[in-house]
Amino acid sequence: MASVTIEKVVKRYGSLDVVHGIDVDIRDGEFVVLVGPSGCGKSTLLRMIAGLEEISGGTISIGDRVVNDLPPKSRDISMVFQNYALYPHMTVEENMAFSMTLAGASKEEKARKVREAAEILGLVPLLARKPKALSGGQRQRVAMGRSIVRNPQVFLFDEPLSNLDAKLRVQMRGEIKSLHRRLGTTMVYVTHDQIEAMTMADRIVVMQKGIIEQIGTPLELYDRPQNAFVAQFIGSPAMNLFSAKVHQGALVLESGQALDVPTPASMREGQRVLVGKRPEEIELTSGEGIAATVENIEPTGSETFVEALVEGQKIAVVLRRRPDFAVGSRQNLTLNQGAIHFFDKETGERIP
C-alpha cells in the first residue's frame, strides 16, 4: 500500500490548460473519489497518476517515489476501466492470470493468487467460463480480479460502473467498498455520479474546469459546501438556491417578499446572495409562505419528489408524505428547521 501525493500538477494540450496546478494528498489505504461534470479533468488526473498521460508541470508521488518519468508498468498500480477489456478467447482464470503469465510467474503462484482473488469476488464457480458467458457485473468482477492478483500499491478506477444497469451499479458499489475494507489498499476512483461518490468514498475531491472546488468527507461536503457549485453538485435532488438581497437587515426575494431566515452579521446592505436549502427541508402547504406553483409530482413510495415554480425558478421539494395537491395547484412554500446555507451571488463563495 502507498499514499499518492499530487503537487501543483498541470496538464496542458498546446496552449490549452485542462488541469490547473492542483494539489491532493491521498493517504495510505484511503478510498478517494474524484467527481465532477464531464470535462472537469478528473479522468485526465487519474490517467496522469497511472502514467497514461504525461504531466505538463508539478509532481506526482506514489509512496516515497516521484513517478513523473516512470512508465505505467513501473508505478506498481493497477487500473480498472469502464470497458472491461477482457480477452474473449481466454477463460476467466486465464484473463485473471494474464499479467502474471507475462511476468513469468510459476504455475503454482498463478493458481494460488487467482484462487484467492476469485474467492474474494465470488468468481470460483466461473473460472472455466469465457467472457461471453458472463453478465456485465461478472465481467466487471473479473476485471477487478485481474487487478487484485497483481497486488498493487494503488488501485485506480475510471468510471467502472457506467456500463451496468441501475440495480447492478448499486450491487457493485457495495462490492467495491467491501473489497476496499478487505484489502486495505489505496483506491482512487473517478465518477461523474455524485451518488457513487457519496456512498463509497472516505473523502471526495470535487472538480470543475480543471480545478478543485472542495475536498472533504461525504457528509462534510453535504453539510457545509464551500461554494454554490459544490452545494448544487452534491446531493440528489440538488440544493435549492434562492436569489435574494440584503435589505434593512432582512433577506428579500426579487418579488420583495422577505425570507423567514436569519441574516448573518457578515452580510452588507444591498449584497446579493444565494440562500441554500435542501429539498427535504422544504414544505408545501396551503398556509402562509412563499407562493409556488406545482409543476411536477413524482411519487417513489416512501417519498414524493415535487417540482415547484417560485418567481420563475424551479424548486425541488422532497416530501415524506403523500401530497394532497395536484399538478398546477398553487401552494405556499416554507423553509423548515435545519441548515441554511448562504453564498455570495457574484463569487459563489460561502458566506460564514
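**Entry 1: Arg 27 and Glu 30**

I looked up Arg 27 in this predicted model and found it partly exposed, with a relative accessible area of 48%. Its salt-bridge partner is Glu 30, and the closest N and O atoms are 3.1 Å apart. Is Glu 30 buried or exposed? I noted a relative accessible area of 5% for Glu 30, so this residue counts as buried under the 20% cut-off. The structure holds 16 salt bridges, and I followed several others below.

**Entry 2: the open sheet**

I traced an open sheet of four strands in the order β2-β1-β4-β5, with antiparallel pairing. Strands β2 (16-26) and β5 (65-66) are at the edges; each has a single partner strand, so one side of each lacks a neighbour in the sheet. Between β1 (residues 4-13) and β4 (residues 57-62) I recorded five bridges. Ile 6 stands opposite Ile 60 of β4. Helix α1 (residues 42-50) packs on this sheet and touches β1, β2 and β4, its direction making about 115 degrees with that of β1. I also noted a network of salt bridges that links Lys 11, Arg 47 and Glu 53.

**Entry 3: helix α2**

Which residues of α2 (residues 92-102) are buried? I listed Val 92, Asn 95, Met 96, Ala 97 and Met 100. Their cover includes α3 (107-121) and α4 (136-148). Just after α2, Gly 104 adopts a positive phi of about 80 degrees.

**Entry 4: the annotated range**

I checked the UniProt record, an unreviewed entry, which lists residues 4-234 as "domain: ABC transporter". Over residues 4-234 I read 37% helix and 26% strand, with the end C-alpha atoms 24 Å apart.

**Entry 5: strand β15 and its partners**

I then turned to β15 (residues 290-299), which runs antiparallel to β18 (residues 330-335) and is joined to β18 by four bridges. Ile 290 has Leu 333 as its bridge partner in β18. Six bridges join β15 to β16 (residues 304-310), also an antiparallel pair, and here Thr 293 is partnered by Leu 309. The two strands β15 and β16 form a hairpin with four residues between them, and Gly 301 in the turn has a positive phi of about 110 degrees.

Glu 303 and Arg 320 meet in a salt bridge, at 2.0 Å from N to O. This pair joins the β15-β16 loop to the β17-β18 loop across 17 residues. Glu 303 is partly exposed at 21% relative accessible area, whereas Arg 320 is exposed at 57%. I found a further salt bridge between Glu 283 and Arg 321, at 2.8 Å. Glu 283 lies in β14 (residues 282-285) and Arg 321 in the loop between β17 (313-319) and β18, 38 residues apart.

Definitions and conventions. Residues numbered from 1 in each chain as written. Predicted model: local features only at pLDDT ≥ 70, side-chain atom pairs only at ≥ 80, totals over all residues. Heavy atoms only, no water. Pairing = 2+ DSSP bridges. Contact = heavy atoms within 4.5 Å. Axes fitted to C-alpha atoms, helices over the stretch in contact; angles between N-to-C directions. Buried < 20%, exposed > 50% of the residue type's maximum accessible area, 1.4 Å probe, protein only. UniProt positions renumbered as here; feature names shortened; annotations may be inferred. Salt bridge = Lys/Arg side-chain N within 4 Å of Asp/Glu carboxyl O.
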